[in-house]
Amino acid sequence: MECDQSPQIKGVVIISLPPPDNPCLGKTITAFTLGGNHYSQSHQTHIQEQEQSPTHQQYQFPVRSQPPQNPETQFSFSRFYLGTPRKVLGFVCISLFALVIYRSFFSSTIQELKASDDDQRPKSFIFPLYHKFGTREISQIDVQHKLVKYVYKESLAAPADEAIFSHKDNELSSSKTAALDSSSSIFPVRGNVYPDGLYFTYILVGSPPRPYYLDVDTASDLTWIQCDAPCASCAKGANALYKPRRDNIVPPKDLLCVELQRNQKPGYCEACQQCDYEIEYADHSSSMGVLARDQLNVMMANGSATNFNFIFGCAYDQQGLLLNTLAQTDGILGLSRAKISLPSQLASRGIINNVLGHCLTNDVGGGGYMFLGDDFVPRWGIAWVPMLHSISIESYHTEILKLNYGNSPLSLGGQDRSVRRIVFDTGSSYTYFTKEAYSELVDSLKEVSEEGLIQDTSDTTLPFCWRAKFPIRSVTDVKQFFKTLTLQFGSKWWIISTKFRIPPEGYLVISNKGNVCLGILDGSKVHDGSTIILGDISLRGQLVIYDNVNKKIGWAPSDCMKPTRFKSLPFFEG
C-alpha cells in the first residue's frame, strides 16, 4: 500500500446553516458526486426546519444522487411506468377525472347567452318574466287555472279604425326595450307567487313595435291583447290598447281561424267577415274578441332581431274577475301545444324548434325567465316523462302514478285510486290536488299542531293558515314542521321511477298577517277535480321544459337566475 497516495474524493456535501436572525429559512444541503472524467452533479435541497421540542428535530431528507455504478438503486421512470401498470391506470383515471371537473366548470362549451358564428336556424328566444305590480286579493287568484272553452260569437259590430295609437311612455318597458336592442341577452327579472300572484313577460307588436305585458300561461292556446276595436269592456291595463287597422283583421277562411273555431258552436262561419272567438275561464270570467294579424318583433338569442306576421286575439270585451287581473297587464300569452299558440306559430315558420322552457326563481324577490327554442335545453341532468296526447286538450299533461307526503301515500281518487292526469300550468298561481288527495293531505298536516303551529281561521288568505309562537319571516323558519311532497311518474317501482319533489317552499306562503299558509287547493272547487294542477308555487326553483318535438316534459333543479346555453357534454366538446 502506498502511504503517500492521496485518497480519492468521491463526493462533497456542503451544509449551509440559516442566519441567526431568521432561522425559519432552514438549512441548505448541497451534494456533489464526482466520478472519473464526468462532470460533477449537484442536488440542492432547501429544508424548512419545523419548530419542535428542543430534544426532537424533524428533517425532510433530500433524495441522494446515486452513482451510475449502482443501477439497482437508481430511480427509473421507465421502470415505474412499465413495472407498475396499476399505478399507470390510476394516474390516467385521476387525470381524466380532473379534466372532466375542469372542463365542467371552466370550459367555454357552456356559453351563457352567446351564439357562435356558425349557428343555423331555427334559433331561440329569451323572455324575461316580471311580477304584476300592486296587491291583488287572493280570493281572485285562488281559481287562476283556466279551462278554455271557445264559444261562437256574432260578427264585430264596429269597424276597425285605420289610425295607430300613440304609445304612452313607461319606465319599465323603455328600459327593457333598450335591453333588447343591445347585444346583451341577459335580462334582470322579478316576480313572486304571493302577494302579486302571476308572472308576466312582454312582447313587441306592430310597426313601429310597441310593448304589451302578457301573463305567461302554458294552459292557454290563444295569445290575446286588449284592443280598441272599439273596446266594449276593458281594464286600464299597463299600456294603451292595441288599435287594429282594417287589414289586420283575419278572415274566417284562414287555417288558424278554422282550427280555433273547430270546437265552437255552431262552429266555422264562412259568411262572417272576421274570425270571432270567446274564451271562458273556470272562475266564469271571459274574454271576447276577433283574430288579428300584425308583426311580432323578437330578439334572437344570438342578438339578431327578427319579425313575422303573428296571429293573436284582439280582445274587446272582458268580463268578471279577469278585469282585475288586467290592472297591470295587457292580456295573456298562450303557450300551449295548440297550433295557434305562439311557440307553434314560430315553429311552423321554421324560426324555432317547438320547445318551450321556463324557470321561476325561489327567491323572495322572485322573477325568472322563459325561452322558446331548444338552445337552452341541457343535454344532461333532466328528468323526462312522456307528454300525453289528446285531441281535445292542448295543455301540457302527463300521467302521475303515486303521490306521497313524506312517506305517507295520498290517494289520487278515481276507481283504482291511482293513475291520474297532471297538468303543468303557469297560468295557475297555486297547485290543485284531487279532492281525495287534498283531504288526506289536510289530515296529515294536523300533526303540525303538535309542533306549536296553531290554525288561524281569522286569516282568509288561503283556506289553511297557521300561526306560530314566534315571528315567521319566511318559509325557512317553519319548513322543518312540514314534509316534502313526491310525485312519482313512469313506474310504480320507486327505484326506477321518475320523481318530481315539492319541498315545503313549493307549497307554503307567508301571509300579510305573518302566518304560514297552504298553497295547495281543492281542485274539485274550480274544475271537475279529476286532474292535478301544478301551478307557479310548485314550479319555482325548477327549469321546466316542454319538448313538443319529442313529445316529452322535463325538469331539473335551478336557481333560475339566468339561462345557460348548452351544446354538448363539456368533456366531449373540443
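The exercises below, each with a worked solution, go through parts of the structure shown above.

This is a predicted model, in which local features need pLDDT of at least 70 and side-chain atom pairs count only at pLDDT 80 or more, while totals for chains, interfaces and linings use all residues. Residues are numbered from 1 along each chain as its sequence is written, and side-chain values use heavy atoms, with hydrogens and water left out.

**Exercise 1. The annotated residues**

Find which residues the UniProt annotation "active site" covers, and decide whether Asp217 is buried or exposed.

Solution. Begin with the record: the unreviewed UniProt entry places the annotation "active site" on Asp217 and Asp425. These two are spread over 209 residues of sequence, yet they cluster in space, with a largest C-alpha distance of 6.6 Å. (UniProt positions are given in the numbering used here, feature names are shortened, and annotations may be inferred rather than shown by experiment.)

Next, locate each residue among the strands and helices, which are DSSP runs numbered from the N terminus (helices are H or I with at least four residues, strands are E with at least two). Asp217 lies in strand β7, residues 210-217, whereas Asp425 is placed in the loop between β19 (420-424) and β20 (431-433).

Then apply the accessibility classes, where buried means under 20% relative accessible area, exposed over 50%, and partly exposed in between, for a 1.4 Å probe and protein chains only. Asp217 counts as buried because its relative accessibility is 1%, and Asp425 counts as buried because its value is 0%.

Finally, look at the side chain of Asp217, which is joined to that of Ser220 by a polar contact of 2.6 Å. (A polar contact is a pair of N or O atoms within 3.5 Å; within protein, one must be able to donate a hydrogen and the other to accept it, and residues adjacent in sequence count only if both atoms are side-chain atoms.)

**Exercise 2. The partners of β12**

Determine in which sense β7 and β12 run, and which residue in β12 is the bridge partner of Trp224.

Strand β7 is joined to β12 (residues 331-334) by four bridges, and the two run parallel. Within this pairing, Asp215 stands opposite Ile332.

Strand β8 (residues 224-226) is joined to β12 by two bridges, and here the strands run antiparallel. The bridge partner of Trp224 in β12 is Ile332.

**Exercise 3. An open sheet and its edges**

Work out the order of the strands in the open sheet that contains β23, and state which strands stand at its edges.

Solution. The order is β18-β17-β23-β24, an open sheet of four strands with antiparallel pairing. The edges are taken by β18 (408-409) and β24, each with a single partner strand, so one side of each is left without a neighbour in the sheet.

Inside this sheet, β23 and β24 pair over five bridges in the antiparallel sense, and Phe489 has Thr498 in β24 as its bridge partner. The loop between β23 (485-489) and β24 (498-502) holds Ile495, which is exposed because its relative accessible area is 78%.

**Exercise 4. A network of salt bridges**

Identify which residues are linked with Arg262 in a network of salt bridges.

Solution. The criterion for a salt bridge is a side-chain nitrogen of Lys or Arg within 4 Å of a carboxyl oxygen of Asp or Glu, and by this rule the count comes to nine.

Turn next to Glu394, which forms a salt bridge with Arg262, the closest N and O atoms being 3.5 Å apart. Arg262 lies in the loop between α4 and β9 (276-280) and Glu394 in the loop between β15 (383-386) and β16, so the pair ties together parts that are 132 residues apart in sequence. Glu394 is buried, since its relative accessible area is 17%.

Put together, Glu259, Arg262 and Glu394 are linked in a network of salt bridges.

How values were computed
Pairing = 2+ DSSP bridges.
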